[in-house]
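Here are some friendly notes to read alongside the model. Please keep the sequence and the 3D view open as you go.

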Amino acid sequence: MIGSFFAEFDDHKGPIVVFDEPPGILVDADGRRLWESFSDYVLSGNPLLDGRIIQVRAGSASVVCLPVVLLDDEKYRRNAMLFSVGVTVPSEALEACAALCRATLLRVGRALRSMELESSVLSRGREEKDDTIRRKRLKRVIPLALKTLARLATRAACGNAIESLLDTE
């Protein structure tokens, strides 16, 4: 795994990366923003993609992510809250990394979905002109989720590597 990210659909800007770890992870060696090559697909609002692992190749890097679609006519300005949590991986290791990260992405995605549904952690304050309080809250919640994602994915990768070593003996 190279890095992790959290993105959402902004009502004015469209799909944006809110947090990435390490910063700039969705920019390739030539300075192209990888996020823009697939963001419209991942954060389309299509309920068929909700909660499904998506794999995208974009040059030398690839992305494995989990889009989440929360529909609510009264709660959200555009009748839906769209976000995605994911990891960037080397393209040559996409299938292996996707398999390793699948359960972790699903777990982190479910946790973020629950936090939003129960207490509006991700959306509270979005409509305000100055969303400083929301940004401060997200700066606490999202990095913690991304660090958990990275830790769990690394643990899964290490566990699988150890298992494969034991199988060869």
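Leaving aside its neighbours within four places in sequence, which residues is valine 64 in contact with?

1. Valine 64 is in contact with Ile53, Ile54, Val85, Gly86, Val87, Val89, Leu94, Ala98 and Leu105, its neighbours within four places in sequence left aside. Contact means heavy atoms within 4.5 Å.

2. A word on the source: this is a predicted model, in which local features need pLDDT of at least 70, side-chain atom pairs count only at pLDDT 80 or more, and totals for chains, interfaces and linings use all residues. Residues are numbered from 1 along each chain as its sequence is written, and side-chain values use heavy atoms, with hydrogens and water left out.

3. Helices (H or I, at least four residues) and strands (E, at least two) are DSSP runs, numbered from the N terminus.

4. In helix 1 (residues 35–42), Trp35, Phe38, Ser39 and Val42 are buried, meaning under 20% relative accessible area, with exposed over 50% and partly exposed in between (1.4 Å probe, protein chains only). On the other side of helix 1, Glu36, Ser37 and Asp40 are exposed. The buried residues of helix 1 pack against strand 1, strand 2, strand 3 (54–58), strand 4 and strand 5.
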